[in-house]
Amino acid sequence: MIQLYSFFNSSTSYRVRIALALKGVEYRYTGVNIRVGEQSSDSYRELNPSKGVPYFIDEDGNRFSQSLAIIQYLDERYPQSPLLPEDKVEKARVMELSAAIACDMHPVNNLRVLGYLSKNFGVNDQQKSQWYTHWINEGFTAVETLLQRYGSGDYCFGNAPSLADCCLVPQVANAERMGCDLSAYPRVLAVYNHCQQQPAFQQAAPKSQPDFIG
Ligand SMILES: N[C@@H](CCC(=O)N[C@@H](CS)C(=O)NCC(=O)O)C(=O)O
């Protein structure tokens, strides 16, 4: 059976959980508590030298880190409910929006980056929150514009979920958890609220995970 190393609140793990749920693929869940540093243990580093979640192993022993690579692999291996369009322009648009979140927004607000700011530069909690909010606003301003330009329907692109929704939902959930005001991004919120009503997204949500800490 597929094995997924994940943390309930990790937005990158959440992306992969959404993809697995949309495709109806079963897997075994292994919790890695990144709040207490389990991602840096020797045994986990041996598995994933990048020291992060998610990490994925399939029935044939193929193994990967990096949520986007994992989702692309799943999309090719389990073609039901495709997450990337065939058409090259449409595919590039889905990738464009996904990368705006996965490459521009998430890395600057990752746990290790926030930790480095406090440890090495003496940044306090209020400054950290300012930093976090700044990058959320920069990123969602771009995403909102892309959705207004190209988006239609209930999801980021049309009426079926794509990789872009796998990235958008966890990023909104994270920003809300951090207390960001997202009212300036109505299209982002409309997609998020629609996805929240869908069973696959509910199944993938942090509170539905075995390692959920309330
Ligand atoms: N680019 C990687 C990022 C993986 C990653 O860093 N995940 C975060 C959780 S969302 C993590 O494990 N952080 C641990 C840390 O920063 O020490 C991906 O998309 O999978």
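Q: Where does Gln 66 lie?

A: In a loop. This model is predicted. Gln 66 sits in the loop between strand E4 (63-65) and H3.

Q: What is phi of Gln 66 near?

A: Phi of Gln 66 is near 75°. That is a positive value, in a residue other than glycine. Gln 66 is also listed among the closest residues to the ligand.

Q: How many residues surround the ligand, and which are the closest?

A: The ligand is surrounded by 15 residues. The closest are Gln 39, Val 53, Gln 66, Ser 67 and Asn 110.

Q: Which atoms of Val 53, Ser 67 and Arg 112 lie by the ligand?

A: Start with the general idea. A polar contact is a pair of N or O atoms within 3.5 Å. Now the three cases. Val 53 uses a backbone N or O atom, 2.8 Å from a nitrogen atom of the ligand. Ser 67 uses a polar side-chain atom, 2.7 Å from an oxygen atom of the ligand. Arg 112 uses a backbone N or O atom, 2.8 Å from an oxygen atom of the ligand.

Q: How much of the ligand's accessible area does the protein cover?

A: On its own, the ligand has 510 Å² of accessible area. The protein covers 86% of that.

Q: Which pocket is the space taken by the ligand?

A: The largest pocket.

Q: Which elements give two or more residues to the shell around the ligand?

A: Two helices are named: H1 (11-23) and H5 (111-121). H1 gives the most, with 3 residues.

Q: What kind of peptide bond joins Val 53 and Pro 54?

A: A cis peptide bond. Read omega to see it: here omega is about 10°. Pro 54 lies in the loop between helix H2 (42-47) and strand E3 (55-57). Its partner Val 53 is one of the residues closest to the ligand.

Q: How many salt bridges does the structure hold?

A: Side chains of opposite charge can pair when their charged atoms come close. This structure holds 4 salt bridges. In one of them, the side chains of Asp 75 and Lys 23 meet, at 2.7 Å from N to O.

Q: Why does this pair tie together parts that are apart in sequence?

A: Because Asp 75 lies in helix H3 (residues 67-77) and Lys 23 lies in helix H1. The parts tied together are 52 residues apart in sequence.

Terms used:
Residues are numbered from 1 along each chain as its sequence is written. This is a predicted model: local features need pLDDT of at least 70, side-chain atom pairs count only at pLDDT 80 or more; totals for chains, interfaces and linings use all residues. Side-chain values use heavy atoms; hydrogens and water are left out. A residue is near a molecule or strand if one of its heavy atoms lies within 4 Å of it. A polar contact is a pair of N or O atoms within 3.5 Å; within protein, one must be able to donate a hydrogen and the other to accept it, and residues adjacent in sequence count only if both atoms are side-chain atoms. Accessible areas come from the Shrake-Rupley method with a 1.4 Å probe; for residues, only the protein chains shown count as cover. On a 1 Å grid over the protein atoms alone, a cavity is a set of points where a 1.4 Å probe fits but cannot get out, and a pocket is an open set with protein on both sides within 12 Å along at least five of seven lines; lining residues have an atom within 4 Å of a point. A molecule sits in a cavity or pocket if more than half of its atoms lie within 2 Å of its grid points. Helices (H or I, at least four residues) and strands (E, at least two) are DSSP runs, numbered from the N terminus.
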